[in-house]
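Please walk through the following structure with the sequence at hand. The text below goes from single residues to the whole assembly.

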Amino acid sequence: MTKTPHFSAWLSSLRSSLIIAEKNARIYYAKPPVLIFGVLFPLFLFLAFALGREIPAQVLVPGLVAMTLFFTSSSVGPLITPWERNARTYERLLTTPLSLPSLLLGDILAGLVFGITISVVPLFLGFIFFRTGIVHPLVLAVDMFLGSLCFACLGVLLSSPATEAPSQVMMLSALVRFPLIFISGIFIPLGELPVWGRVIAPISPLTYAADLVKYSLYGRSFYPPPLNFAGLALFSLGFFIIAVKLHKRSLVKGLL
Amino acid sequence: MKDKAITARSLTKFYGDLLAVDHIDFSIQKGEIFGFLGPNGAGKTTTIRMLTGLLQPDEGEATILGIDIVHSSIMAKRLMGVVPEVCNVYVDLSAWNNLMLMGKLYSVPARERKKRSKELLEKFGLSERKDEKTRRFSRGMKQRLILAMSLVHRPSILFLDEPTSGLDVQSSRMIRQIIAELKREGCTVFLTTHNIQEANLMCDRVAIINQGKIVATDTPEKLKSTIQKTQSVEVVFDNPPSRTDWLKNIPEVDELQQLGDKFRLYTSDTDVVIHRLAEYSKKNNLHFVSLNTLGPSLEDVFVKFTQNAEVPL
C-alpha cells in the first residue's frame, strides 16, 4: 500500500513532534521550576486545604488527582520556549525542517506525558489510604488523557510572550492557574458553590476534568460526562489554535 | 536556473515602519562560497533569516535549489544546514546527544546518523568528550559542535552567520579549514562575517549590504580593482626615524599613516615613491626591514561602499 503525500507529511510532522517531546523530557522534567510549580506547589496547596479538616474522601481524592493533573501538565510548557530563547537554542531549532505547530505539539506531548505519569501517584494514594475504587476506568483513562492534553496546551499558550526570562512566564502562569482552582470544584463541590461560582465554573477547563475524575471514581458528576469530554476537547483545540497564532507572532518579536 | 543554489528576487522585509531589507536581488552558484558583508544593522541577519525560512519576506521571493522557501519551507530546510549568529548547543545534553537530536530532526537514518556523528566528532576534535554534558565545553568547542550539528545531514547549502566571531585562533582556523573542505565537496556556503580578511581569503564572491540595500556584488579582486587609486607602500626601517616630515613631504605621497613600527604611504605612483625612499635611506644610512607595495584591501572596498550607499558600481 502506498502512502499519500498528505499522510506522509502528517506522519513526518508527528515524528518530529515526538523527537521534540523526547528532547523536552530529557532536558526539562528535572528543571527546578517544573518540579516546584508542577509537583511541590499543588502538593502543599492541597495539604494546606486538607490537613486538620474533616473532608470526605469523595471530595479529597478526586480534587487531589485533578489538581495534580492540572499543575503537572501545565508546568512544562510555560518553561520550554523562554528557556530555549534564553539558552540561545530556539532560533537554531526553528531552522530545522519542523513546522511551528509540530514544535508546539512536541512541547504539549512533553507536558501530557509528565502530567499523566505524576497524576497516577495520587490515584494510588487514594487507593491505598481511602480504598478508592475506579468505577469507570475507561472514562478515567480518557479524562486523564484529554485533561492532560488540555492543560499542556494551556501551558504552551502561556509560554507565547516574546520573553527570554522563564521567571516572567512562570509568574504569568501562576497568575492564570491559581484562580482556576477556586472556581473548578476542587475544594468545594460544584453543587455547593454559590450561584455566581456555578455560573463562572464552565469557563475553567479544570471544572470538566475534575468532574470527570469524580465520575470515574464515584460514579457521580455535576455535568453529564459527554459534556465534560466536549468541554475538554474544545478547550484543547482552542488553546492550541491560539497558541500557534501567538507563538507565530512572538517568534518575529523574539528574534529582533 | 539548474546551477543556482540560492536566488533572491526583490527580497524585502519591514519591521514596522523600518525597512530592514530593501528589494535585494542576487543568485549564488552551486559550490560557491558567498560572503555577505555589511555594518551592524545593515540587514545581513534579516536576509539570512528570510533565506532560511525563519522570517517571511514582505515582498519578493527566495529559492533554495529551486525550492521556494516560503511555500515549501520544510522541503527547502532539509537541504540546508544553518548556524545562526546567536545560538548554542543544549548544555544539558552530551555532544553525542546533541548530534543525535539534529540527525533525528533531519530524518537521517539511525545507522548513518551514528556513523556521521562519529566522523564529525573526530573531524572537530571532540571525540574524547562526546559523552560529557556540553555545559563545561569552552566557547570554541561549543561553536565547533554547533557547526558539526549543522552538517549531520550532509546539507547541500550551509548558512553561517558570523561563525568565527569571538573565537580563539585555533577554533577559527579549524572552522575556516572545514569550510574550505566543504567547498571541495561541492557544498554551497553562504557566509556573513565582520572579518573582512576572512571573507577576502575564503569567498568566491562577496556582496556588500548597507542600509538594507546591496551596494556591490563581485569577486573580492574585482571589487578591489574598483578603487585602484588607493595603492600604498608599506615600509619598516631598522631604526625608525624620529621625524616623519620628510616622508610626508614626498610630493607623490597623498597620505601617511603610522601603524606600529610600519609607515604606510598612500600614493597613485608606487614606483616613484619606492625610488625616493631608497634614495633617502641611502643618504641617511637607514636600512629597510621590509618594503611592500599594497593594493586596496577588501576593507577599503567595504569602507567605500558602506560610507556612501549611493556609490554606483
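Is Ser10(B) buried, partly exposed or exposed, and how many other C-beta atoms lie within 10 Å? The model is a predicted one, and in it Ser10(B) has 13 other C-beta atoms within 10 Å. A residue is buried at 20 or more such atoms and exposed at 12 or fewer, so Ser10(B) counts as partly exposed. Ser10(B) belongs to strand S1 of chain B, which covers residues 4-15. Its phi is near 55 degrees, a positive value in a residue other than glycine. Most residues other than glycine have a negative phi.

Arg154(B) also has a positive phi, near 50 degrees. Arg154(B) sits in a loop of chain B, between helix H5 (139-149) and strand S7 (157-161). It is partly exposed, with 13 C-beta neighbours inside 10 Å.

H3 of chain A runs over residues 57-86, and its 30 residues reach 44 Å from the first C-alpha to the last, close to the 44 Å expected at 1.5 Å a residue. The helix has a kink of about 25 degrees at Ile80(A), shortly before the proline Pro82(A). Because 26 of its 30 residues are buried, H3(A) is largely enclosed by the rest of the structure.

The largest nonpolar core has 138 residues, and those with the most contacts inside it include Ala66(A), Cys153(A), Phe159(B) and Phe190(B). H3(A) gives the most to this core, with 13 residues. Leaving aside neighbours within four places in sequence, Phe159(B) touches Ile48(B), Leu51(B), Thr52(B), Met80(B), Val82(B), Val83(B) and Phe190(B). A second core, separate and of seven residues, includes Val253(B), Phe263(B), Leu265(B) and Leu277(B).

Chain B as a whole has 11 helices and 14 strands. Its C-alpha atoms fill a box of roughly 75 × 50 × 35 Å along the principal axes. Of its 313 residues, 41% are buried. Among contacts in chain B with a separation of 6 or more, 70% come from residues 24 or more positions apart.

Where the chains meet, 21 residues of chain B are in contact with 19 residues of chain A. On the chain B side, the elements that give two or more residues are helix H2 (73-78) and helix H3 (95-105) of chain B. By class, that side has 14 nonpolar, two polar and five charged residues.

Notes. Residues numbered from 1 in each chain as written. Chains lettered and ligands numbered in written order. Predicted model: local features only at pLDDT ≥ 70, side-chain atom pairs only at ≥ 80, totals over all residues. Helix = DSSP H or I, 4+ residues; strand = E, 2+ residues; numbered from the N terminus. Expected span 1.5 Å × (residues − 1). Bend = angle between axes of the 7 residues up to and from the residue. Core = buried A, V, L, I, M, F, W, Y, C linked by C-beta atoms within 7 Å. Contact = placed C-beta atoms within 7 Å. Nonpolar A, V, L, I, M, F, W, Y, C, P; charged D, E, K, R; others polar.
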